[in-house]
Amino acid sequence: MKKLFIATALLSTSLLTPLYAADYIIDTKGAHASINFNTKHMGFSVLTGRFNTFNGSFSYDEANIAASKIKVTIDTTSIDSNHAERDKHLRSDDFLSAGKFGTATFTSTTVEDKGNGKLAIKGDFTLHGITKSIVIDAIKIGEGSDPWGGYRLGFSGTTQIAMGDFGFKMDFGKVNLNLYIEGIRQ
Amino acid sequence: MWKNSETAYGLVTKAIHWLTVVMVFGLFAVGFWMVDLTYYSPWYKTAPHWHKSVGIILLIITSLRLLWRWVNVSPLPISSHSNSVKKASKIAHLVIYVLLFVLMISGYLISTADDRAIDVFNWFSIPALGELFDKQADISGFIHQYVAYILVALSILHGAAAVKHHVIDKDETLKRMIR
């Protein structure tokens, strides 16, 4: 009886929508998050790829969106464009210099509520040892309890960077970054 | 004539030896040059394709060479050579063989890390074994680059030693591989 009471209490707590700023860890363990990139291939088509290894956390408060924060750390050596030779080249000094700059980070500075679940997340993006301010246009996808006793909140985000801004030796212009981030509330 | 004897190299051994010389230095030159090609170079795709094709053919030739060496007698060392020279040249030859295989296998492992086969001149293709270990393309690439430098340096030393025997010692060493 006592056990049932505790279980019910725990379950009902987890079902409640938080009324305070909550901290979330991005679910990279269950791979319910991805950091993808795409860039034009000589104007013929679009090449896509992703970073397989990253981690991050964010805090989000529906009542005070401007107080939200996010930090993501990407392992640049985990770049995957589905071609081992190209990935080796992308990790080389022509692009990421992944041996020297093994991580890229994004740390938000300000979050602006654009209404209707839309956010403009401004922050410092460090890639190839160079830090630039970028804006990620994010959309809240959904939140709620999962069937396994956790509470999840997810966003999508897009931004565009120029290879030249980050000092790549080979510069193929603009790269679009698309993120899907699902956080588990702590 | 075709086969080796105890005093002379046969035609097959000599042909493979000199073909290997041309292929190794050709592969080295192309490899050294092609890694710095720009994306928009017309050679950007062709040079690596030919490099890989020739490399696979060299792997096949070198495997057959070992087989030929095994079923055949090897000429005895030249009697005027000192024991240390005999020993040193034997070790050098062994190391060259080992480096050749390490070089060719590491090259194969770079290109096949993602299960892609290697096309040999659009003639036939060598299937991939997939990713056998973590960071395969990067580790194999590192080995491929530095073993290539060592092999070329050792090959030059090997050639210089033969010339030294010909010019200074005036013995049969170089002539045996030419005549």
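## Contacts and overall build of chain B

Two residues are in contact here when heavy atoms of theirs lie within 4.5 Å. In this predicted model, among the contacts in chain B between residues at least 6 apart in sequence, 69% join residues at least 24 apart.

The secondary structure of chain B consists of five helices and two strands, and, read from the N terminus, these elements follow the order α-α-α-β-β-α-α. Taken along the principal axes, the C-alpha atoms of chain B fill a box of roughly 55 × 30 × 30 Å.

Of the 179 residues in chain B, 35% are buried.

Is His165(B) buried or exposed, and why? With a relative accessibility of 9%, His165(B) counts as buried, because the cut-off for that class is under 20%.

Leaving aside residues up to four places away in sequence, His165(B) touches His81(B) and Val85(B), and it also touches Lys170(B), Asp171(B) and Thr173(B).

## The interface between chain B and chain A

The contact between the two chains draws 14 residues from chain B and 11 residues from chain A, and together the chains bury about 1,100 Å², with 56% of this area on carbon and sulfur atoms. On the side of chain B, the residues that lose the most area to chain A are Tyr39(B), Arg116(B) and Asp138(B), which together account for 42% of what that side buries.

Asp138(B) also takes part in a salt bridge, in which its side chain meets that of Arg91(A) at 2.5 Å, N to O. The count of salt bridges between chain B and chain A is two, and seven residue pairs, with both residues at pLDDT 80 or more, are in polar contact across the interface.

## Which elements of chain B face chain A

Helix 2 (43-71), helix 3 (83-111) and helix 4 (136-167) of chain B each supply at least two residues of the side that touches chain A. Helix 4 of chain B gives the most to this side, with three residues. Sorted by class, the side of chain B that touches chain A has seven nonpolar, three polar and four charged residues.

Methods. Residues numbered from 1 in each chain as written. Chains lettered and ligands numbered in written order. Predicted model: local features only at pLDDT ≥ 70, side-chain atom pairs only at ≥ 80, totals over all residues. Heavy atoms only, no water. Buried area = accessible area lost by both parts, 1.4 Å probe. Salt bridge = Lys/Arg side-chain N within 4 Å of Asp/Glu carboxyl O. Polar contact = N/O pair within 3.5 Å; in protein donor to acceptor, adjacent residues only side chain to side chain. Helix = DSSP H or I, 4+ residues; strand = E, 2+ residues; numbered from the N terminus. Nonpolar A, V, L, I, M, F, W, Y, C, P; charged D, E, K, R; others polar. Buried < 20%, exposed > 50% of the residue type's maximum accessible area, 1.4 Å probe, protein only.
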